[in-house]
Amino acid sequence: MSKNYAVILAGGSGTRFWPLSRNSKPKQLLDLFGSGTLLNQTIARLDGLVPKENIFILTNHLQVEEVRKVAAELPPENIFAEPAKRDTGPAVALGIGLVAARDPEATMMVLPSDQLIQDTEAYQAVMQDALAVAAGSEALLTIGIKPTWPCPSYGYIERGDPAPLDGLEVTHPPYLVERFREKPNPEQAAEFLAQGGFSWNAGMFIWSVRTVVNELQQHTPELARFIGDLGSSDDIATTVAEEFPELTPISIDFALMEKASRVCNIEATFDWDDVGSWISVAKYFPESGENNRSNRPITQLDSKGNIIFNATSGKHIALLGVEDLIVVET
């Protein structure tokens, strides 16, 4: 386990759950389900997979103080504020560089911080297999989510043949990735589901440091050079401050995943929800009256189809003759 690392991406603009969220407190820093913030849950799921001292969090200057409070169990030097907004390619490269500076022989995961996953046991089983394949091969791995409906809001991964495992034994076999598909229109999404062999792209990546650096050297040398500079730096914070803002903004999919020579996909057997809006969160709340959903008890009369989120216990919310409202008490 000492060779396993995780980089958690914890930025965001805090717009999806306004007015509860703000620039300084986006979705992953909210306790939406009464079970800790999504960032807390992301860290907790790694217990037994990755030592605490091997977990890094990348955020931005607006959110870094709140992230430090939420992730107080991690070493403070493992929480970095990106000095500029440069998309996921440079952010992931920063994470790779931080891990490589600690252990160039490491195997690492790159994980979003704002997804709801409740079956920790199944999650860890999948990720353990992914780590084993990444450590024992020259493949970049991505975790796919089995589609439940033809969603046009996600990118898709098209799978091919089973990947050769070279003697590795895993419960969740990887498949070669044929190609990544951008967010489709509804008709294309329906075709993907009918055809089979497609997964939603959940933005979870697993690879060895050695393999991912080799791939970046071939396909995005600017990011490979940045990683090398971090590895040879006597002052990583200064190097990041000077070089990161000059990197070309690009997504990790364009910078690496769509170009790499060998990419594999493991389809998740755990539950997963992007919880991208109040409407998607509300399905986890108890129902009251005629399809009113609330995280706390409410009073309602002649009201239907409402979503209520009460961030405090100090006020009681009552609905009278209203429908299709989102009511947020902050």
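## Glycine 14

Helices and strands here are DSSP runs, numbered from the N terminus. In this predicted model, glycine 14 lies in the loop between β1 and α1 (38-44). Its relative accessibility is 11%. Buried means under 20%, so glycine 14 counts as buried.

Setting aside residues up to four places away in sequence, glycine 14 touches Ser21, Arg22 and Pro26. Alanine 311 is 297 residues from glycine 14 along the chain. The C-alpha atoms of glycine 14 and alanine 311 are separated by 16 Å.

## Helix α4

Helix α4 covers residues 120-135, 16 residues in total. At 1.5 Å a residue it should span 22 Å. Its end C-alpha atoms are 22 Å apart, so the two values agree.

Which residues of α4 are buried? They are Ala122, Tyr123, Val126, Met127, Asp129, Ala130, Leu131, Val133 and Ala134. These buried residues pack against β1 (4-9), β4 (107-112), β5 (140-145), β8 (198-208) and β9 (263-267). Tyr123 also has a charge over its ring: the charged end of arginine 45 sits 5.2 Å from the ring centre.

## Aromatic rings

The count comes to 12 aromatic pairs. In one of them, phenylalanine 192 and phenylalanine 198 have ring centres 4.3 Å apart and planes at 10°. Stacked pairs have planes under 30 degrees apart, so this pair is stacked. Phenylalanine 192 and phenylalanine 198 are both buried.

Ring pairs also join Phe17, Trp278, Phe285 and Phe309 into a cluster. Elsewhere, the charged end of arginine 159 sits over the ring of tyrosine 175, 5.9 Å from its centre.

Methods: Residues numbered from 1 in each chain as written. Predicted model: local features only at pLDDT ≥ 70, side-chain atom pairs only at ≥ 80, totals over all residues. Heavy atoms only, no water. Helix = DSSP H or I, 4+ residues; strand = E, 2+ residues; numbered from the N terminus. Expected span 1.5 Å × (residues − 1). Buried < 20%, exposed > 50% of the residue type's maximum accessible area, 1.4 Å probe, protein only. Contact = heavy atoms within 4.5 Å. Phe/Tyr/Trp six-rings, centres within 6.5 Å; stacked < 30°, edge-to-face > 60°. Lys NZ or Arg CZ within 6 Å of the ring centre and 35° of its normal.
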